Amino acid sequence: MHALAGARSVNLFATPLLSHIWADAPELNPLLREAILAHEAGRPGEGRSNFGGWHSETGLLEFCSEAGRRLIGHMHAVVEEAARRLHAEFGRPPAPLNWVLSAWANVNRTGDYNQLHTHPGATWSGVYYVDSGDAAGDGAALQLYDPNPGRANLFFPELSTANVLFKPQPGLMVLFPSYVPHAVPPHRGTGTRISIAFNVRREPFP
């Protein structure tokens, strides 16, 4: 069979994702870890997608003081970079955007996990790793699932990727659209896995 000269092939509906390892993590993470564990000790935590573990209140990491403010700045920088690259991909100049950000800390110990969920009402969602907790295997990894399940299940499933794993690494920040389903399998490590999740909403929304 002859190739079709002049035929054009493209992959549509790609999902943007940005990951970055912050160079100041060795200095920043011990401060975040101490503040988060101290805050956990005095509060019962919230129940969201987590089974076991501890979920702080949502805000701007006020309980982490200056370290929290610095990390919030990193979150804004990643969001601005992701938006800049997204606009460039579509051939559009970057536009000034108004973002509303909220963040919370998660502490997982052996057996704790987060069920599959999305973050409706946000534009971007992300996670930053403070401590991997000596994670073993795929335990405690961030699992991102294809937001179009039909693509993975019905359309050339042998060529599709149903989910992508990001293993926790101190200093790693991952940003993805809030509609992407994600989960965290049970933590199999012996240490304390500490992460900070965040949502960023573009105003006006959507």
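Modeller: By class, the lining of the largest pocket consists of 15 nonpolar, four polar and three charged residues. Keep in mind that this is a predicted model. In total, 22 residues line the pocket, and its volume comes to about 610 Å³. To find its centre on screen, select Pro 16, Leu 86, Phe 90, Trp 124 and Tyr 179, the lining residues that lie nearest to that point.

Helix H2, residues 65–89, supplies the largest share of the lining, with four residues. H2 is also in contact with another helix, H1, which spans residues 25–41. The two axes come within 9 Å of each other and cross at roughly 125°. That angle falls between the limit of 115 for roughly perpendicular and that of 145 for roughly antiparallel, so H1 and H2 are oblique to each other. The crossing of H1 past H2 is left-handed. On the H1 side, the contact is made by Glu 27, Leu 28, Leu 31 and Leu 32. H2 meets them with Ala 67, Gly 68, Arg 70, Leu 71 and His 74. Sorted by class, this contact holds five nonpolar, two polar and two charged residues.

Some backbone points also deserve a look. Phe 13 has a positive phi of about 60° although it is not a glycine. Its place is in the segment before strand S1, which covers 18–21.

The peptide bond from Glu 203 to Pro 204 is cis, with omega near 0°. Phe 205 and Pro 206 are likewise joined by a cis peptide bond, where omega is about -5°.

Technical notes. Residues numbered from 1 in each chain as written. Predicted model: local features only at pLDDT ≥ 70, side-chain atom pairs only at ≥ 80, totals over all residues. Heavy atoms only, no water. 1 Å grid on protein atoms, 1.4 Å probe; cavity = no way out; pocket = protein on both sides within 12 Å on 5 of 7 lines; lining within 4 Å. Points joined across faces, edges and corners; volume = space filled by probe spheres on them. Helix = DSSP H or I, 4+ residues; strand = E, 2+ residues; numbered from the N terminus. Nonpolar A, V, L, I, M, F, W, Y, C, P; charged D, E, K, R; others polar. Axes fitted to C-alpha atoms, helices over the stretch in contact; angles between N-to-C directions. Parallel < 35°, antiparallel > 145°, perpendicular 65-115°, else oblique. Left-handed = near helix turned anticlockwise from the far one by under 90°. Contact = heavy atoms within 4.5 Å.
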